[in-house]
Amino acid sequence: SSPPCPSVVDSMFEFDTRIAVAIGVGIVTLLAHRAAKARKGRAVKKHPQDEQPDHPCLAPGNGNPVFAGVRVVEVATVIAAPGCARIMADLGAEVVKVENGGGDMWRKFFLEFEEGLVGHGSLFELSNIGKSSVCIQWDTPEGLSRLKQLLSQADVLVTNVLQPSLVKAGLDYETLRSEFPHLVYAQCTAW
């Protein structure tokens, strides 16, 4: 028997990927809401989308965005993890992007080809609209302390930092799980 033609294999992969993404988003949504409810003493900040009842990202029922009241800390660069956190921001989450030193390297990517833009290019903007940003050198004791302060108030951590760097800094899942049991840990890497 001959192997399936490439278009059938591509379609199967595309379908499986969409199912995996949908299941993943559903699980993260449930866990994030559970973490937000468990965290006490924090007033839920009203999201600007609350004023737009016809917004397509609103959940059925009371009309709030799906991730309203969920606080996300993103420690990531380039596309995959920032894109994940951007979708969460689009769906109502409060997202804080933590950047090292001079900022995400993606800020200046292709900037030389975009006339009139200063500071960051449209590729960076694509993955980071709707987020607040803070520079923290989390590889120093002071910076790590500031980052952990953010994590103590967060429901979700989204990262794409390589595992050895996370372990060295004490930001790997096993370490953070004991310090922040409420935190949903989402690691998006390209490998």
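Guide: Of the 191 residues in the protein chain, 38% are buried. Please keep in mind that this is a predicted model. The spot I'd pick is Glu-74, which sits in strand β1, spanning residues 71-75. Glu-74 counts as buried because its relative accessible area is 0%, under the 20% cut-off.

What does the side chain of Glu-74 pair with? Its partner is the side chain of Lys-97, through a polar contact of 2.6 Å. Leaving aside residues up to four places away in sequence, Glu-74 touches Pro-82, Ala-85, Val-95, Val-96, Lys-97, Val-98, Asn-128, Lys-131 and Val-158. Strand β2 covers residues 94-99, and Glu-74 touches Val-95, Val-96, Lys-97 and Val-98, among others. Helix α3 covers residues 122-128, and Asn-128 is another of the residues that Glu-74 touches.

Now step back to the whole chain. The protein chain has six helices and five strands, and from the N terminus on they follow the order α-β-α-β-α-β-α-β-α-α-β. Contacts between residues at least 6 apart in sequence join residues at least 24 apart in 69% of cases.

A disulfide is a covalent bond between the sulfur atoms of two cysteines. How many does a search of the whole structure find? The search finds zero disulfides. For Cys-84, the nearest cysteine sulfur belongs to Cys-188, 4.3 Å away. That pair is not counted as a disulfide, because the cut-off is 2.5 Å. Is Cys-84 buried, partly exposed or exposed? Cys-84 is partly exposed, because its relative accessible area of 26% lies between the 20% and 50% cut-offs. Cys-135 is also partly exposed, with a relative accessibility of 45%.

Which residues make a nonpolar surface patch of about 330 Å²? They are Phe-109, Phe-110 and Phe-113. Phe-113 belongs to the loop between β2 and α3. Phe-113 counts as exposed because its relative accessibility is 61%, over the 50% cut-off.

Definitions and conventions:
Residues numbered from 1 in each chain as written. Predicted model: local features only at pLDDT ≥ 70, side-chain atom pairs only at ≥ 80, totals over all residues. Heavy atoms only, no water. Helix = DSSP H or I, 4+ residues; strand = E, 2+ residues; numbered from the N terminus. Buried < 20%, exposed > 50% of the residue type's maximum accessible area, 1.4 Å probe, protein only. Contact = heavy atoms within 4.5 Å. Polar contact = N/O pair within 3.5 Å; in protein donor to acceptor, adjacent residues only side chain to side chain. Patch = residues over 30% accessible without salt bridge, like charges linked within 9 Å, V, L, I, M, F, W, Y side chains within 5 Å. Areas by Shrake-Rupley, 256 points an atom, 1.4 Å probe, with all protein chains shown as cover. Salt bridge = Lys/Arg side-chain N within 4 Å of Asp/Glu carboxyl O.
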